[in-house]
Amino acid sequence: MARVIWIEILSRGGQVTHRYRCAGPELRIGRSYQSDVIIDDPAVAPDHLRVTQGGDGAVLVEAAGPASPFTIHGERRERSLVDGDTVLRIGHTALRIRDETYRVPAAAMLVEAKPRWIELSALIAVALLINGSTLWLNETAEPKTSRYLAGMVGLAGGLLLWSGLWALISRIFGGAARFARHLGIAVGAFLAYTLYSFLAEAIAFSLSSGTISGNVAIGFWIVLGIACFLHLQVIAPSHALLKTGIIAVLVLAGIAAQLANHAEQLKNGAQPFIAQTTFPPAFRLARAQSEDQFFAAVEGLRAKLDADRKAGATAP
Amino acid sequence: MIGRNMVLVPRFALVSLLAAAMLCRGAPASAQDTRAAGQPGGETVHPAAPVSSTAERIFEAARGKLLQIRTELAASGRQTTLGSAFLVDGDLAITNYHVVSQFVLEPDLYRLEYFTAGSDHGSLQVLGFDIADDLALVKIDRAQPEHFVFDPRKLDEMIKGEQLYAMGNPLDIGFAIVEGTYNGLVERSYTPHIHFSGAVNPGMSGGPAVTSNGDVVGINVATRLDGELVSFLVPAQYAVALLGAAPRDPPKPKALRAELARQIAARQTALYAEVETAGLQAANFGPYAAGESKADWFTCWGQTNAGQAPKPRAIVETTNCSSESDIYIADDLHIGRLYVTHSYIRSADLNAFQFATYVATQNGLQWPARWREKWYTPPRCTQDFMRGGAADQAPPVEAIWCARAYKDFPDLFDVALTTVTQDRGTETLVSRLSFQAVSYEAAQTLGKQFIAALRWHE
């Protein structure tokens with residue numbers, strides 16, 4: 001008994017873009033109108049593939065002519081038995097063949113219902129509020145309404161633009177825009193970085209640590225990397241390891257570029273890392289050092305300066 | 001402010017070669033010294049001469065004793081700087097160190113040449129210099145028949161208003177004589193300079209300033225750009241001393257460079273020892289008292305933002321004290337100036353967070369001079385939260401110590417010590433002490449003095 005055969009055309013990302021229902025056991029695939037499934041791909045022959053289903057349900061694919069081979073996993077074939085998960089490539093087109101007996105998994109838990117606009121709006125409101133407070137805490141001149149409005153609009157615009165770009169990429173490569181999820185990630189990353197940098201600077205101040213203060217920006221790259229990873233996962237949740245690897249390399253490159261830049265500026269006389277006193281004295285955690293302890297550190301600096309001198313002396 | 005616009009006159013430092021005999025003070029008596037006696041240009045009296053004829057007579061007598069010194073590129077012979085000099089004995093002439101500094105620092109790149117008023121010229125060599133007073137003793141390739149003599153009077157025997165005549169070759173347009181007035185020693189200056197009210201122009205550096213007798217009382221060295229006719233002379237006594245102390249055989253370039261490092265270290269050690277001995281006096285800023293140097297060559301200026309519109313949200317009252325004690329080493333290196341800055345800041349209507357942000361904008365590290373890779377290692381800093389005295393006397397401070405070393409001069413550093421009081425949320429004193437070319441020990445000693453002086457004043 002002839003079964004129903006489904007031909008599924010796949011996108012580059014492996015998503016089904018078209019699905020054709022055909023009556024078995026034999027059918028033709030090609031660009032011509034004699035085909036059962038017509039593929040508008042200039043690299044596909046008018047009569048490209050023959051598909052035959054045997055009585056035992058096995059599906060045999062054959063090239064219709066010598067000029068119309070197909071590939072499986074990049075391997076050129078003229079004839080092959082395929083199952084429902086085998087992806088064939090003809091010309092630029094990827095496709096797979098399933099019959100009605102193909103077993104699909106049970107329904108997954110409903111993870112994503114509707115975008116949670118209310119929660120998202122609350123998150124955005126928090127972000128704007130935090131942004132406004134930061135502006136207010138750093139306000140040392142005459143307060144100007146325009147500054148706050150510009151700050152808010154700038155943040156909102158930036159987040160929308162960022163999420164919009166990811167949604168666009170998502171739509172192109174993943175099939176769906178998923179704007180709300182991208183926006184959620186962007187707002188989350190903003191909040192995480194704001195919180196992180198506040199804490200890091202507060203700690204740098206409270207411990208008087210120029211080293212911490214100078215390296216706060218490293219966190220920026222890490223947060224950015226994590227956000228990009230999440231955006232990519234939203235587009236297509238696959239190749240997590242590869243993505244992690246690529247992003248890690250980019251993040252490290254970013255950090256290295258920043259550190260190298262500072263090291264070079266330092267060579268040109270830029271100010272060394274100093275923990276700025278941007279917090280009220282109440283944030284002090286470290287015990288005040290005695291004069292002797294401080295000058296012991298000062299004396300310690302001397303050896304480094306002498307080494308610098310030795311390394312950099314221009315006179316014979 | 002003072003001194004900021006003071007420039008040396010090197011680009012065209014004109015050295016008039018004044019062939020004065022140097023025997024007067026401490027100079028070893030040499031055979032030529034006797035020539036000083038009976039020197040023309042002074043003893044002849046022209047009783048009824050109008051003023052202009054004095055200058056005429058002096059210049060006539062000085063013509064043959066003046067030199068122009070050119071620093072030239074060794075490779076192409078093109079001149080790079082011009083200055084003046086004056087003969088003091090046979091083939092010896094005095095000029096400014098800054099006239100010959102390029103050669104001293106880079107003997108492979110530059111060479112020196114002299115020209116007389118009669119367009120005679122030849123080579124010259126540097127015998128020695130006095131870096132603290134910006135003088136150099138040079139030897140020309142052949143002895144000249146005439147030379148200047150130094151005025152035997154001490155400076156305190158001179159009275160303000162005495163007519164002096166500065167000579168040199170301003171701007172390379174020909175030897176000239178300039179009439180001006182002696183106005184005593186410059187006040188509030190660590191380096192002794194005569195205040196000469198007359199037009200000293202670039203190119204005249206190293207030239208002599210003489211009395212109406214033609215005796216040298218000073219050497220043209222610098223002028224103030226923000227004034228009119230405010231010029232400076234190095235008192236002649238330092239030239240006399242240099243003439244006595246410098247060797248007669250030209251040292252090798254390497255030895256000159258070593259001598260430079262030695263003199264800088266000695267001069268700076270003396271300077272900082274004086275700062276230390278002078279000690280600090282307390283000045284009050286709101287609830288705080290902080291130290292200012294008692295040395296009388298410090299000048300302090302105050303400023304505030306209180307009058308600005310719109311009304312500032314934190315009031316800053318700043319006192320900037322700086323010492324008139326820098327010396328010329330190279331065109332891009334003047335060292336020896338000290339800065340003490342106190343900024344008392346209190347919030348008008350900023351909260352503690354806003355105030356802290358405001359304060360942070362005030363305490364960035366500012367080096368007293370532009371950073372140059374050629375001279376300095378990259379700066380390094382250490383900082384900590386500290387308390388200099390007992391808890392009931394001194395406020396806790398954030399202390400930031402930044403230093404950079406001089407690449408070519410051993411044990412010399414630039415140091416900046418900044419303290420920001422950390423006892424109140426909306427009121428603070430930001431203090432900074434900056435030294436140039438200081439030994440690390442002296443910087444620490446002075447830094448401790450400075451921190452010890454920081455207290456609550458009630």
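**Entry 1. Confidence**

I began with chain B, which averages a pLDDT of 85, with 86% of its residues at 70 or above; pLDDT is the predictor's confidence in each residue, from 0 to 100. This is a predicted model, in which local features need pLDDT of at least 70 and side-chain atom pairs count only at pLDDT 80 or more, while totals for chains, interfaces and linings use all residues. Residues are numbered from 1 along each chain as its sequence is written, and chains are lettered from A and ligands numbered from 1 in the order in which they are written.

I count two residues as in contact if their C-beta atoms, placed from the backbone, lie within 7 Å. Residues 9-49 of chain B are also below 50, with 151 contacts in the model beyond near neighbours in sequence. Where pLDDT is low, the predicted coordinates should not be read in detail. For the complex I noted an ipTM of 0.81 and a pTM of 0.78 from the predictor.

**Entry 2. Chain A against chain B**

I found 44 residues of chain A in contact with 50 residues of chain B. On the chain A side, the elements giving two or more residues are helix 5 (240-267), strand 12 (289-290) and helix 6 (291-312). Helices (H or I, at least four residues) and strands (E, at least two) are DSSP runs, numbered from the N terminus. Helix 6 of chain A gives the most, with 13 residues. By class, the chain A side has 20 nonpolar, 14 polar and 10 charged residues. Here Ala, Val, Leu, Ile, Met, Phe, Trp, Tyr, Cys and Pro count as nonpolar, Asp, Glu, Lys and Arg as charged, and the others, Gly among them, as polar.

Strand 12 of chain A pairs in the parallel sense with strand 22 (residues 380-387) of chain B over 2 bridges; two strands pair if DSSP finds at least two bridges between them. Gln289(A) has Met386(B) as its bridge partner in strand 22 of chain B.

**Entry 3. Helix pairs**

Axes are lines fitted to C-alpha atoms, for helices over the stretch in contact, and angles run from 0 to 180 degrees between N-to-C directions. Angles under 35 degrees count as roughly parallel, over 145 as roughly antiparallel, 65 to 115 as roughly perpendicular and the rest as oblique.

In chain B, helix 4 (residues 253-278) and helix 6 (residues 440-452) pack at about 20°, with axes 10 Å apart, so helix 4 of chain B is roughly parallel to helix 6 of chain B. Tyr272(B), Val275(B) and Glu276(B) in helix 4 meet Ala442(B), Thr445(B) and Leu446(B) in helix 6. I sorted this contact into 4 nonpolar, 1 polar and 1 charged residues.

**Entry 4. Sheet in chain A**

I traced an open sheet of 6 strands in chain A, in the order 2-1-11-10-7-8, with antiparallel pairing. Strand 2 (16-23) and strand 8 (75-77) of chain A stand at the edges with a single partner strand each, so one side of each lacks a neighbour in the sheet. The twist averages 35° from one strand to the next. Within chain A, strand 10 (residues 88-90) and strand 11 (residues 93-99) pair in the antiparallel sense over 3 bridges, and Leu88(A) has Leu95(A) as its bridge partner in strand 11.
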